[in-house]
Amino acid sequence: MSERLSVFKTYKLYVGGKFPRSESGRVYEVTDSKGNWLANAPLSSRKDARDAVVAARKAFGGWAGATAYNRGQILYRIAEMLEGRKAQFVREVADAEGLSKSKAADQVDAAIDRWVWYAGWTDKIAQVIGGANPVAGPYFNLSSPEPAGVVVVLAPQESSFLGLISVVAPVIATGNTAIVIASEKSPLPALSLGEVLATSDLPGGVVNVLSGRTAEIATPLAAHQDVNAIDLAGAGEIDGLAKELEIAAADNLKRVLRPQPVDDWAATPGIDRMTAFLETKTVWHPTGSLGASGSSY
Amino acid sequence: MASAFEYAPAPESRSVVDIAPSYGLFIDGEFTEAADGKVFKTVSPSTEEVLSEIAQAGEADVDRAVQAARKAFEKWSALPGSERAKYLFRIARIIQERSRELAVLETLDNGKPIKETRDADLPLVAAHFFYYAGWADKLDHAGFGANPRPLGVAGQVIPWNFPLLMLAWKIAPALATGNTVVLKPAETTPLSALFFADICRQAGLPKGVVNILPGYGDTGAALIAHPDVNKVAFTGSTAVGKQIARTVAGTRKKLTLELGGKGANIVFDDAPIDQAVEGIVNGIFFNQGQVCCAGSRLLVQESIQDELMDSLKRRLSTLRLGDPLDKNTDIGAINSEEQLARITTLVEQGEAEGAERWSPACELPSSGYWFAPTLFTNVTQAHTIARDEIFGPVLSVLTFRTPDEAVAKANNSQYGLSAGIWTEKGSRILAVANKLRAGVIWSNTFNKFDPTSPFGGYKESGFGREGGRHGLEAYLDV
Amino acid sequence: MTASDSTLRRFLHGLPGVDAVGLEARAASLGTRSIKTTAKAYAIDLAISMVDLTTLEGADTPGKVRALGAKAVHPDPTDRTTPATAAVCVYPDMVAAAKEAVAGSTVKVASVATAFPAGRAALSVKLADVRDAVAAGADEIDMVIDRGAFLAGDYMKVYDEIVAVKEACGTSARLKVIFETGELSTYDNIRRASWLGMLAGADFIKTSTGKVAVNATPANTLLMLEAVRDFRAQTGVQIGVKPAGGIRTTKDAIKFLVLVNETVGEDWLDNHWFRFGASSLLNDLLMQRQKLATGRYSGPDYVTVD
């Protein structure tokens, strides 16, 4: 009995809720940790990056304007979908990072749990970091966090799935939309994540996934005037790239999260990755008195 | 408005302040000359009188000041928060005691009316120190985790529009959190920072905790680029802010920027009109419009444009421009010849592009730097004066038809610092405030400030917040 | 707009709203004007000339009113350059005595009427009150509106009453309409009442009776000044304003004059268009006037007690 010939998957980008090939028509070979060919991944071009910004900008108003409860529901739905496709991600992570099945499973479990963690944050972060300010005058003054806008995320190069999710989830939990540049050498978990997102009620364009050469894609995005912020997590390992991108980001004063050494992506993340991409809006309202006769004169 | 009731001059006494003929740099608790002996003059913009000669810090001085701050950091940051708090409380009290002196000084050096320095700047300066003094021993409870650590030496560069207030916004949170500072005041307004140095001495603040380095842009650039600076805080123009962001790129320096703005002040047809007129005036003519959060774009609903313009013009005719030390002056001098030239250029461009210019009858003093309150009507989003920050007493008036259009126009800017909303309909306030991409929104009021209220912008207006609990984050390693 | 109850209501409720904090902030900011030397001298004399010197006590007697009249004509017997006050203000039954006391001078006699201060009487009684005062020679009638009707939303009733009182004033007496702003309570109500009064034919709009807890304030007076300004802009008709009650010092009075100067301008800087309803204010103005003339601070023994 001959073994059944398996069906290969064509990995595609995830942009604006659709799965395009790179407009450049280029692909590159993705190998496992031992150098064995796994698949061809799209090699994104500047134009793919530009299209992703358009998609992310288009999705921003609706996603930022959705209720925090609704965003939480959708993020939780993503966790549910991931749980169902766990086996696939365990295999992809094991291949990508050269991990044993059980080590890879730990990573995937932690990644799914992280989605759940951030799903719960959507309707709490405003209470934790916002609030009323007791100004010295007849005004009601309220500070609330708001999403920064379109955020470019350079996913970590090594931690292809847990690291990826640890940087993507906090960005979208608070209402930003994201353009994710997948790990250059291990992009497959990120591209598969796109497939999960597409079936999780997440509006198209909220997360866009690009694969290819990190520096090549990130450079035009860092300079793009319609991008509001950039997470340089995946630039740390590439010599000089983080600085170069930070300089480019200054052109429109993007919010920049510099790469920080992460020993263990499984550790509790805290709220820093959310607050890095939040603005604070403070609104003043006169309170006044109930009537003229109650005035202080 | 010519009237039988002419207010006699009511000048605040200058004798309350004693300005020395020269001032040094303040490094490590001592006033000292610049290493290369350079000096510059500071003038009173309302008269062009030279007020004093100021030592101009160069690179060597920057290095010395940063070293002094570094040396002081170890002990200062190790001090119990409650002790740091008491130093800040002392400073706050001394500022209150000396507030009349400082108000007159600030008016002389900056050109803004004494009414503003007395009733706005100085009370806010003292309040800011009081507010952050109280935080110094409560940082564990500020929401940044247990025992949040200071960053180290903060290099701070501040503008000339609110010299002492911007100093307070920078220094108070920095010291409360345990950092030490090197601060560069603007070259046109160095005096109040140097008086503040004296207040630090009166308060017994340990040497090197606060260092003041007057100078020009190159001094600021050297400070920001200094490798031993851990934190950079800048308030000023967006162009310089971008340059600073490039300078600190690739370093571990934490950066906060408070930059320019082109605030939209949106007046709906159901607005409380008389209060809206006051808010418009306060929004653009407070401090001669030299305010980053000024309401420099008036967006008025087309159906009430004529009525509102009539009221606004009538109100502008009552503004009193002149001697900033006169207690009845509403509009003082422009801070410098350079700023006056910039305003003039942009206003000429507004006229050249076809906008309609109007100013009330207004006599300008013969010496000093002055610009009459100015309105431009027939302005569209395409006009330079609707897009570029003028930083002067110049209001661009645009119209809109629907709330959607108002929001779209308000947000159509590279900036996102402030905005105003005028309507009696509560739900509209909330809906519009929600959609505006700006860091500070005033509904049925404008240009209100408070130490508890976070201030800062979206987009190219900068990042980070000053004031409130949020303002601590900029100076903590979190 | 006064064709029916509903059109009147629609008009009054369509007036621009008032933001209390903004209004009070503007009034306070004008209160920081520093009025010195020549400006102060001008303001003090102007304020004296605008005083409606008032006595509205149950214990009023012809003797008391005669003294008040004498004081109104020559507020400072030691300095004959002191201007006379605008008027004396008394109850209707004291009008005759007041007329006699100010005879031959510029001082007018104003009479409160319409069942002052509560106004809780039948219209016929109120009108009789007015006719009495006019017949006794009152130059001015200070009526109170029916606050109950106003607060119940019965604007037409308030309007009709003012029209009737105006008619009872005839051609000789000017009508001041008192809103009792402290009872109307909100600034929106004060703006509506101002327009209601002006539409009904008031010659003056007046804040209060002086008989309730909150009387004239810089904010409610500023609001009424804005109303007369806007009314003139729309109709061409100029209406006077009279803050009354609670203004006791020169400093306060000057603040009100600054409000007038910077809100409606010099057209109102005349006692034909602006009045202070006050009693103790006059002596403080006189002491300040003496201080300006002599350079010494005066004392209560150097002004007359009437």
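The model is predicted: local features need pLDDT of at least 70, side-chain atom pairs count only at pLDDT 80 or more, and totals for chains, interfaces and linings use all residues. Residues are numbered from 1 along each chain as its sequence is written, and chains are lettered from A and ligands numbered from 1 in the order in which they are written.

Me: What makes residues of chain B count as being in contact with chain A?
Reply: Two residues are in contact if their C-beta atoms, placed from the backbone, lie within 7 Å. By that rule, 29 residues of chain B are in contact with 26 residues of chain A.

Me: Which elements of chain B each supply at least two residues of the side that touches chain A?
Reply: They are helix H8 (238-248), strand S18 (440-443) and strand S20 (462-463). Helices (H or I, at least four residues) and strands (E, at least two) are DSSP runs, numbered from the N terminus.

Me: What makes strand S10 of chain A a partner of S18(B)?
Reply: Two strands pair if DSSP finds at least two bridges between them. Three bridges join S10 (residues 278-286) of chain A to S18(B), and the two run parallel. A:Trp284 stands opposite B:Trp442 in S18(B).

Me: How many bridges join strand S17 of chain B to S18(B)?
Reply: Four bridges join S17 (residues 418-422) to S18(B), again parallel. B:Ala419 has B:Ile441 as its bridge partner.

Me: Why are S3 of chain A and S13 of chain B called edge strands?
Reply: Ten strands form an open sheet with mixed pairing, in the order S3(A)-S4(A)-S10(A)-S18(B)-S17(B)-S11(B)-S12(B)-S15(B)-S14(B)-S13(B). Strand S3 (131-132) of chain A and strand S13 (356-358) of chain B each pair on one side only.

Me: Why is chain B called as compact as a globular protein of its length?
Reply: The radius of gyration is taken over C-alpha atoms, and the globule rule is 2.2 Å times the number of residues to the power 0.38. For 478 residues the rule gives 23 Å; chain B has 22 Å, which is close, so chain B is as compact as a globular protein of that length.

Me: What makes a residue of chain C count as buried, and what share do buried residues make up?
Reply: A residue is buried if 20 or more other C-beta atoms lie within 10 Å of its own, exposed if 12 or fewer, and partly exposed in between; C-beta atoms are placed from the backbone. Buried residues make up 58% of the 306 residues in chain C.
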